[in-house]
Amino acid sequence: MLQSSRRSSRTPKVVVIGAGIGGLTAAALLAKRGYAVKVFDQAIVPGGCASTFKRGGFTFDVGATQVAGLEPGGIHQQIFEELEIPLPEASICDPACAVFLPNETVPINVWRDPQRWQAERQRQFPGSEPFWQRLASLFEYSWRFQSRDPVLPPRSGWDMWQLIAALRPDTLLTVPYMFSTVAQLLKSYGLRCDRRLKTFLDLQLKLYSQVDADQTALLYAATALGVSQSPQGLYHLHGSMQALSDRLAEALRRDGGELYMRHRAEQILLEQGRPRFVRITDEKRGESWLEPADHVVANVTVQNLVELLGTQAPVGYRQRINKLPPASGAFVVYLGVEQAAVPTSCPPHLQFLYDYDGPIGENNSLFVSVSRPGDGRAPTGKATVIASTFTEVSAWQRTADYEQLKQQYTEQAIARLGRYFDLRPAHLLQVEAATPRTFEHYTARYQGTVGGIGQRLSTFGPFGFANRTPVPHLWLVGDCTHPGEGTAGVSYSALTAVRQIEAS
Ligand SMILES: Cc1cc2nc3c(=O)[nH]c(=O)nc-3n(C[C@H](O)[C@H](O)[C@H](O)COP(=O)(O)OP(=O)(O)OC[C@H]3O[C@@H](n4cnc5c(N)ncnc54)[C@H](O)[C@@H]3O)c2cc1C
């Protein structure tokens with residue numbers, strides 16, 4: 001580890017493109033470890049999909065609302081400990097989610113306590129316990145493996161060594177399941193035709209992996225579904241999601257790092273096959289320059305990375321990216337409401353499916369996050385209700401009917417939410433909506449896609465995109481890399497890239 005006090009003109013310079021949770025985490029860790037770090041982000045506030053905006057006295061979380069990895073030993077806790085900054089205040093979500101299937105008024109509650117969750121699922125899905133037990137054991141093996149910091153997918157001798165060092169006999173028990181989907185496991189337990197169970201899994205998996213049980217890699221699903229239970233768990237931050245990026249930015253600056261907002265990276269320039277400069281434009285002043293770099297950490301989507309490299313992008317890498325299945329976008333409606341609109345004892349996160357027809361998540365479901373009284377998001381006596389659904393980005397690219405489509409989605413979402421919340425006009429104080437175009441504008445993500453590349457068999461873990469790109473000294477962090485989307489996932493990717501930079 002380089003020490004800050006030993007920083008000199010020969011200290012390696014790292015340019016980080018993007019101040020999402022992935023970029024900020026990498027930057028803060030590198031600054032703490034003695035590197036000269038400059039972060040450039042095109043947005044006004046840091047945090048990317050985990051940032052916030054304010055309207056009419058309400059603070060809305062743009063995208064992420066639930067946080068994993070805050071428990072002792074969790075990835076955020078580990079990183080904040082290394083950075084010597086306090087974790088943001090948070091409360092546990094219990095249930096992590098209340099899931100309402102079509103025409104049902106009693107939810108499936110994903111409780112944090114493992115015994116309570118076991119009793120709930122046995123009641124909700126009779127005869128499925130052996131399936132859940134198999135998932136639980138795969139989660140245990142995978143979690144222990146992941147906590148030994150393997151590098152996935154390995155792209156060098158050092159990466160391979162990290163991977164081998166993390167293996168234990170119980171890791172090998174996961175190998176037979178490496179090429180299985182969740183639906184295949186369901187089938188092996190004779191549960192393929194259990195519509196309620198399959199639909200519940202489709203709904204939950206869509207949130208974490210972009211795809212349903214038919215396509216989600218089983219080993220990924222075991223982890224995504226397992227983290228809701230104790231000793232892990234999902235948390236709701238006090239104040240807002242911005243607390244996470246604000247603390248990381250604070251640590252970065254304390255350790256000599258520099259953060260420039262409204263600065264766009266236009267191009268990564270290679271010399272002798274390595275990044276030497278990044279072309280930066282200060283969007284306020286309209287000035288551009290070449291920022292020298294020994295390492296470049298790109299906190300962008302893989303598609304954006306190729307755009308930044310232009311004709312210098314390795315051909316095979318570009319071809320692989322071109323062949324990826326389309327990623328999802330999100331439509332989000334942000335409501336500021338009177339507290340009276342929220343039923344008493346409403347859980348902080350709910351998921352609704354409105355009909356069994358059509359692919360899950362394509363505008364027939366809503367994932368809803370509700371503020372708690374006093375959690376800093378709404379004035380006294382008021383609350384925020386944020387609801388999102390997946391949507392194809394291509395539908396939003398046509399200009400002619402864009403405003404009409406946005407209005408139609410907004411009205412439909414409010415009408416559906418009105419079945420659970422009391423959204424009479426007097427209770428509805430603020431309405432905002434975000435489409436893939438909004439995400440493209442504010443986060444610069446390729447076509448406004450969110451949540452990475454999806455966790456299919458062909459793209460999860462060992463088969464996904466590595467933090468180590470084919471260009472030496474160019475690193476990719478964020479939700480397109482292992483272990484995928486979520487603030488916890490991208491923090492893990494950042495930590496891996498930092499270890500790789502040190503080892504290089
Ligand atoms: C609706 C929705 C709900 C979600 N819910 C949850 C949840 O409850 N829990 C959870 O953990 N996760 C959730 N997620 C996912 C989570 O928000 C993301 O996976 C994660 O925040 C992505 O972080 P990142 O660092 O990879 O990238 P991003 O958040 O995309 O950040 C990238 C940053 O890079 C900047 N940037 C991009 N290109 C350039 C450029 N050329 N020059 C300069 N800057 C650039 C952007 O401005 C942005 O700030 C949700 C996402 C969405 C959209």
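Residues are numbered from 1 along each chain as its sequence is written. Because the model is predicted, local features need pLDDT of at least 70 and side-chain atom pairs count only at pLDDT 80 or more, while totals for chains, interfaces and linings use all residues, and side-chain values use heavy atoms, with hydrogens and water left out.

Now look for polar contacts, which are pairs of N or O atoms within 3.5 Å: a backbone N or O atom of Cys49 lies 2.7 Å from an oxygen atom of the ligand, and an N or O atom in the side chain of Asp479 is 2.8 Å from a ligand oxygen. Taken alone the ligand exposes 1,000 Å², of which the protein buries 92%, with areas coming from the Shrake-Rupley method with a 1.4 Å probe.

Stay with Cys49, which counts as partly exposed because its relative accessibility is 22%, the partly exposed range lying between buried (under 20%) and exposed (over 50%). The structure holds zero disulfides, a disulfide being a pair of cysteine sulfur atoms within 2.5 Å; for Cys49, the nearest cysteine sulfur is that of Cys480, 10 Å away.

Finally, select Cys193, which is exposed because its relative accessible area is 77%, and then Met160, which is partly exposed at 39% relative accessibility.

Terms used
Buried < 20%, exposed > 50% of the residue type's maximum accessible area, 1.4 Å probe, protein only. Polar contact = N/O pair within 3.5 Å; in protein donor to acceptor, adjacent residues only side chain to side chain.
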